[in-house]
Amino acid sequence: MIRRVDPAALSRVVRRQPWVLVVGQYGTTVLSSLLVAAVRASHGTHERPLAQLEADDGLDGVVAALTGRVVPELAVIAARPDDAVELLTTGDLPRAIVLLNSSGASPNERYAQARRLRAAIDRIHAVVPVIADADDPMTVLAAGSARRAIWVRGTRTYHDQLLCPNCGSILTGNTDDHPGWSCPRRDYQQPEPDYLVQDGKITDAEGQVWDPRLPLPGRLIIDQACFALATAGTLGINAGTVFVGMRQCDDALGRFAPIKLGETMARLIVARHPAEFTDALSMIENPTVIMATDDTELSWIWDCDPAPLAGRTMIATGPRAPDVSVRFGHAGLDCRDVPDLAAALAGHRRGADVIATPGAFRALLRLGGRS
């Protein structure tokens, strides 16, 4: 609505301050939180205004957040690919562009988004650093035209890109001669990483190895920290300061934060597609797991393997609870269907992990007083 009234509003507010663009289908909020924590540590104070913005609900929200009287010293904007393309046409370039994994969209959609991102980056004449996921062929396609590309190789285990984006050949896996994925025609292969995650440690571009020791849970949090470290480096923040800041980050806009809901201490994990759900399973700690749904389509859950949840108390809640119960039952898991969200969360004195779709996640934040 804001941009219908004022089509130039987005361009005008973006030009007010330096900004960093974080692009991806998932993981953008956690990465943004780690980066903001690193920037705060570099300032040595929490008084400097920083903005962490999500464009999930459209760019009008970004415009509204940046039109306040206080101009943030740095705005970190997390966006889906199509919103990112529009942001890159505002006329004022970001300090850095971070391209995360593209899993979560359909293959055709991912290819189209990668092409649009590549075209947008190709139009940037200044040397804007692009920190990109070397594990994802579509992200490599999108970042391929960057004048200054910084490649990150993490430990992601969810791989759903099987074909070469250039020629359609089936990509081959690791070999001694060609580590990582590669096209059989040898004209397209995984870039050598500048930053690398291996055995729970991060190796930076200078070859120094860091032990992250982060409070946020999950195996892939180290991948996010690696991206944050690489991005902070482009902003002139030294690695030691980056880790000081990231080790103080125990909450990513409500994700993973314990929330008191009645007698239940719940930990919230967001999942909106198979890749995110698969990552969520690596973070489960409590004996009770609640799958909280909103009214959005949930057929993607059949592309997931819920077997790691075996042996836990399983509850499905929300409008799509029957869909979850059928899927989990098909996998041999006992799952109770409790449609009411508040009732599903009641009485778990030993705590519960809640895997929530975005609408349910926002509802849970409101129930916990964190709207």
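Which residue does the side chain of Arg272 meet in a salt bridge, and what is the N to O distance? Please treat the surroundings of that pair as well, and then the wider structure.

Modeller: The model is predicted, and what follows should be read accordingly. The side chain of Arg272 meets that of Glu276 in a salt bridge, with an N to O distance of 2.9 Å. In general terms, side chains of opposite charge can pair when their charged atoms come close. The two partners fall into separate classes of accessibility: Arg272 has a relative accessibility of 21% and therefore counts as partly exposed, whereas Glu276, at 9%, counts as buried. The cut-off that matters here is 20% relative accessible area, under which a residue is called buried.

Helix H10, which covers residues 274-281, also holds Asp279. With a relative accessible area of 4%, Asp279 is buried. The side chain of Asp279 makes a polar contact with the side chain of Tyr26, at 3.4 Å. When neighbours within four places in sequence are set aside, the residues in contact with Asp279 are Tyr26, Arg219 and Leu220.

Another of the salt bridges joins Arg110 to Asp136, whose closest N and O atoms are 3.2 Å apart. This pair links distant parts of the chain, 26 residues apart: Arg110 is in helix H6 (residues 107-122), while Asp136 is in the loop between strand S5 (129-133) and helix H7 (137-143). Arg110 counts as buried at 2% relative accessibility, as does Asp136 at 1%.

As for the whole, the protein has 13 helices and 15 strands. Of its 371 residues, 55% count as buried. Among contacts between residues at least 6 apart in sequence, 69% join residues at least 24 apart.

Helix H3 (residues 28-43) gives a further view of the interior. Its 16 residues should span 22 Å at 1.5 Å a residue, and its end C-alpha atoms are 23 Å apart, which agrees. Of these 16 residues, 12 are buried, so H3 is largely enclosed by the rest of the structure. The buried residues of H3 include Thr28, Leu31, Leu35 and Val39. Their cover includes strands S1 (19-23), S2 (50-54), S3 (74-79) and S4 (96-99), together with helices H8 (221-234) and H9 (239-246). Just after H3, Gly44 takes a positive phi of about 75 degrees.

The accessible surface of the protein comes to about 16200 Å², and 49% of it belongs to carbon and sulfur atoms. A nonpolar patch on the surface is formed by Leu162, Leu163 and Ile170, which together have about 320 Å² of accessible area. Leu163 is placed in the loop between strand S6 (148-153) and strand S7 (195-198), and Leu163 is partly exposed, with a relative accessible area of 41%.

Notes
Residues numbered from 1 in each chain as written. Predicted model: local features only at pLDDT ≥ 70, side-chain atom pairs only at ≥ 80, totals over all residues. Heavy atoms only, no water. Salt bridge = Lys/Arg side-chain N within 4 Å of Asp/Glu carboxyl O. Helix = DSSP H or I, 4+ residues; strand = E, 2+ residues; numbered from the N terminus. Buried < 20%, exposed > 50% of the residue type's maximum accessible area, 1.4 Å probe, protein only. Polar contact = N/O pair within 3.5 Å; in protein donor to acceptor, adjacent residues only side chain to side chain. Contact = heavy atoms within 4.5 Å. Areas by Shrake-Rupley, 256 points an atom, 1.4 Å probe, with all protein chains shown as cover. Patch = residues over 30% accessible without salt bridge, like charges linked within 9 Å, V, L, I, M, F, W, Y side chains within 5 Å. Expected span 1.5 Å × (residues − 1).
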